[in-house]
Amino acid sequence: MGQNSVIVLLGASGNLAAKKLHRRGLLPDKLKVIGFDPTHMSHDDFVKHMKSCVDQSSPELEDQFKAFCERCSYITINQDAGDDSFVELGKRMESFIEGHEAQNRHFYMALPPNIYVAVSEQLRRNCYSEKGDSQIIIEKPFGHDLESSVELHKKLEANWKESEIFRIDHYLGKEMVKNILTLRFGNPMFGALWDCNHIDNIQISMTEDIGTEGRGGYFDDVGIIRDVMQNHLTQLMALTTMERPGSFSAEDLRQEKARVLRLVPPLETKHTLAGQFIKSADGKHPGYKDDDDVPNDSRCATFCTSVAYVRNSRWEGVPFILKSGKALSESKTEIRIQLKDTTDAMLKDTNHNQLIIRIQPNEAVRLKMNAKMPGLELRTVETELDLTYKQTVEDPDIPEAYEALLLDAFKGDYSESVSEQELEASWKIFTPLLHELEGNKDIKPAPYAYGSEGPDGLEDFVASYQLQK
């Protein structure tokens, strides 16, 4: 990031992450932050809004916050005045330029996706940096299916090069997700086992113990597959299955992820179990359709488990069991790699070895293995090697996902930005399944109680893709 840089927060909701980067001393001295939003606010109102989101529990933190506010200003967007507000934004950024130096401009678009294109066009016309670098930062959803995603990309690339579009999937900024490649390629003992000859199945799951919490109207247009599986879980699968890249450069990393995703055939309904939560068994938590904004005949899936395969020699025949859902018994994101069974020729009653990468909460890597039970008899017992960050690293400084991603964006490091090729490949995996589930009215999601493990039959469904003892 150049010394003369400007971060524009369109929607002004990305300021919390920027403040955290400031607190870590990672922002250049000359950097300016501009809030740009239709909400009418004075500068003092904007500062008050930010103050409500930041920790000022010590004099040091209070001083840091005051210093951050000196970098900030605010512009209210007049939505009825065409380009006028964007012209004003351009002039405000020009006023920060000293002499003939270049100015880098980063536009964080914390906006509804349906206005990405219109806003990006206005930014390109009125706010593009002619001497420095310009960049738009956008978040999922990137389209509603393959066709709409391709259309969105075409419209954005009319004004912005691929190297100027940073697509955020916040899971790529999580510490344990960033650790997957180091775990795989920095430890030969795992690399030697990382194939279909040793691995029976891989489960990638993200579950939440809360429902839609009053957002049912929005969620009904999206569903759990678009909300979680097509993006977060697909990225986890790509990092788990990709071949070793030539380097950790953005080009090499994203190329390998796109390459392996292209080898995943479209998901099928026969390998899928969809569900929708109903009220809890005790009646304390409402069902999905109890939300006033959700239609009574909604078939939107709030839970889905689907099995994917990678058609190459490394992963031939290994099922990747993808699972996500709301209103379940616990909130947890993890990758569970189950190895094939050992022979019973010498040892009896052994358990499957498992490598578990816990992404959240309580970041950890655990290896379940067999050992001899202490005593005179030859009996086995399951033991566990446990690397839980908070237990093995004293006061681990784990940055939040948006801190890591925004810092990469501002530095021009695109290794954790989702590429257009990755997007296209992932939508090809999920679009046929989405169209079948949504278009075939005979397919109805199975009910499951709020706070349960999921729909009836889930355990048998998952077990059917695993080797059994």
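A: Ala 327 lies in the loop between strand E10 (320–325) and strand E11 (332–339); helices (H or I, at least four residues) and strands (E, at least two) are DSSP runs, numbered from the N terminus. This is a predicted model, in which local features need pLDDT of at least 70 and side-chain atom pairs count only at pLDDT 80 or more, while totals for chains, interfaces and linings use all residues. Residues are numbered from 1 along each chain as its sequence is written, and side-chain values use heavy atoms, with hydrogens and water left out.

Ala 327 is not a glycine, yet its phi is positive, at about 60°. Most residues other than glycine have a negative phi, and most peptide bonds are trans. Ala 327 has a relative accessible area of 0% and is therefore buried (buried means under 20% relative accessible area, exposed over 50%, partly exposed in between, with a 1.4 Å probe and protein chains only).

Glu 213 also has a positive phi, near 50°. Glu 213 sits in the loop between strand E7 (199–207) and helix H9 (216–220). Its relative accessibility is 53%, so Glu 213 counts as exposed.

Two peptide bonds are listed next. The bond joining Lys 140 and Pro 141 is cis, with omega about 5°, and Pro 141 is in the loop between strand E5 (134–139) and helix H6 (146–157). The bond from Gln 360 to Pro 361 is cis, with omega near -15°; Pro 361 belongs to the loop between strand E12 (354–360) and strand E13 (364–372).

An open sheet of six strands runs in the order E3-E2-E1-E4-E5-E6, with parallel pairing (two strands pair if DSSP finds at least two bridges between them). Its edge strands, E3 (72–76) and E6 (165–168), each pair on one side only. Inside the sheet, strand E1 (residues 5–10) and strand E2 (residues 32–37) pair in the parallel sense over five bridges, and Ile 7 stands opposite Val 33 in E2.

Leaving aside neighbours within four places in sequence, Leu 89 is in contact (heavy atoms within 4.5 Å) with residues including Val 8, Ile 34 and Ile 75.
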